[in-house]
Structures are given as C-alpha cells and as structure tokens.
Amino acid sequence: MDQLTVPGRDTAYVWVGRDTGGQPDPVVELLRRAGALLLGRTETELALTHDREGRPVVRVDEAGRSVELAVSVSRTAGLVVLAARRSGAVGVDVERFRPLPALALARRWFPPSELAWLGNRPEAGRTVDFLRLWTAKEAVGKALGRGLRDGGLLRLMPPPGLPLRQVPGTETLWVGHPRLGGGLVLAVAAQARTRVEVEVVQWPGHGVAAERSASVERTSLPVVVRGN
C-alpha cells in the first residue's frame, strides 16, 4: 500500500471532512484513512487508543511491537478536522468566523500582552486575530495532552501565520495557521525540536481520489461574557 509520508520530512497532515452528526462517525472514517495512508496498513489492521497523556493515537501491531500515529481532532459546525503526524505529538483546533466581542473575551481570558497586541490590530480583522490566538492555544494544549487546563489560555502564543512558529518560552512547541478559506480559522501545533511542515491533504467534500490536491454548533469558546 502506498504511503503518504516523505522520508526525512517531518510533516503534520490535515484532513477536513463534513460532519452531519450521523453515522458512521466521520471522525472514525478520517482516522482510518489517515492511519492507512501514513502507516501503510489496511484500515482493518488499525486500532484507536490513547497514549500516557491521554492523547488519541492510531496503532498497528507488527512483529511483536506497536507502531503509533499521533492524531488530534476538532469539530465546528458541519465540519470535522483531523491532524496526524508520525514523528510526535500533534494538536489541531478549528473555529468558524462569526461576530464576537473580541476585546472583551481577550480581556477576560488572555494575558495583558496579547490583549494589547489585539487592541492594536485593525478593527476589521480583530475577530479573526482573536480566533487565531484562541485556536493556537487550543491546538498547543492538545499537543501537550492537557487541553486548556493549568492556565492554557494564559500561555503566550507567537504571531499567527505560517510556517509554524515556536511558542514563546519553549524549545519544542510549534504552532501555526494553515489557510482553509470558507470562513474557517485553523491552528496546528506540534512537539518537535525543529519546525514541522503542514500539508492539507483533504478539503471538505473531497473524496479519497481528491486527496493531495446541518450539524449542531460545536465550539470551545465561552458563549457568555459578563462585565469587562
């Protein structure tokens, strides 16, 4: 079976699929597809489990040993996103753009330096900038295996964009924002000594042959902001 990986290149691969809220679960389909392509095995040989930190992994047993593929999943209205990487931990988060009180949210949840940065950004793009910071924090938390616990929202993020950039104060955390379009904000994070590349191999509505080229709103954002 052909594999998607390129020898000598550390890459996080991203699949974006439609989520109708029905069965079969589109996450399971994406996990099987990623495992088959990145591990070079048939879908029936794959098992979904978790590592010691609780991060999901796709595993295949061979010759008395286990080979694991790090994966991360995020959902937003009508879409599910999967990131997978052979070389180490990965995290992903996606949000749809919608009107938000960006400064009020940042004032409540972000450190002062990020609030100041956001306040100096052009007003027209401020909500997108807020979502880029938020998704970066979510993706980094997933790559670490602890989400936003232990002050994850106060963790400083690098300026949004690509390529992946080092998280301030760390040597092995990277995060960036591949462009998806369609009003989506996507962040991908990885634990690595050197920069990791990102490749989106499936877009919404694409089938297997297109690779490489009405559900409930699901979001990690707080829905109520009280006061300032």
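Analyst: Happy to walk you through it, starting with one arginine. Arg9 is partly exposed, with a relative accessible area of 31%; here buried means under 20%, exposed over 50% and partly exposed in between, using a 1.4 Å probe and protein chains only. Before going further, please keep in mind that this is a predicted model, where local features need pLDDT of at least 70 and side-chain atom pairs count only at pLDDT 80 or more, while totals for chains, interfaces and linings use all residues. Residues are numbered from 1 along each chain as its sequence is written, and side-chain values use heavy atoms, leaving out hydrogens and water.

Arg9 has a salt-bridge partner in Glu199, with 3.2 Å between the closest N and O atoms. The two come from distant parts of the chain, 190 residues apart: Glu199 belongs to strand E10 (residues 197-202), whereas Arg9 lies in the segment before strand E1 (11-18). Helices (H or I, at least four residues) and strands (E, at least two) are DSSP runs, numbered from the N terminus.

One is formed by Asp61 and Arg59, whose closest N and O atoms are 3.6 Å apart. Asp61 is exposed at 53% relative accessible area, and Arg59 is partly exposed at 25%. Another joins the side chains of Glu95 and Arg98, at 3.2 Å from N to O, and both of these residues are buried. Salt bridges with shared partners also link Arg9, Glu197 and Glu199 into one network.

Glu95 leads on to a threonine. Among the residues that Thr135 touches are Glu95, Asp93, Val94 and His177, with neighbours up to four places away in sequence not counted; contact means heavy atoms within 4.5 Å. Further along the chain, Val185, Leu186 and Ala187 touch Thr135 as well. Thr135 sits in helix H4 (residues 126-144) and counts as buried because its relative accessibility is 0%.

Helix H4 has a packing partner in H2, at an angle of about 30 degrees and with axes 9 Å apart. That angle makes H2 roughly parallel to H4. From H2, Ala102, Leu103, Leu105, Ala106 and Trp109 meet Arg126, Thr127, Phe130 and Trp134 of H4. Angles under 35 degrees count as roughly parallel, over 145 as roughly antiparallel, 65 to 115 as roughly perpendicular and the rest as oblique.

H2 (residues 102-109) also packs against H3 (residues 112-119), at about 165 degrees with the axes 8 Å apart, which makes this pair roughly antiparallel. On the H2 side the contact is made by Ala102, Leu103, Ala106 and Arg107, and on the H3 side by Leu115, Leu118 and Gly119.

Asp51 is in the loop between strand E2 (47-50) and strand E3 (56-62), and counts as partly exposed at 22% relative accessibility. Its C-alpha atom is 9.0 Å from that of Gly145, 94 residues apart along the chain.

How values were computed: Salt bridge = Lys/Arg side-chain N within 4 Å of Asp/Glu carboxyl O. Axes fitted to C-alpha atoms, helices over the stretch in contact; angles between N-to-C directions.
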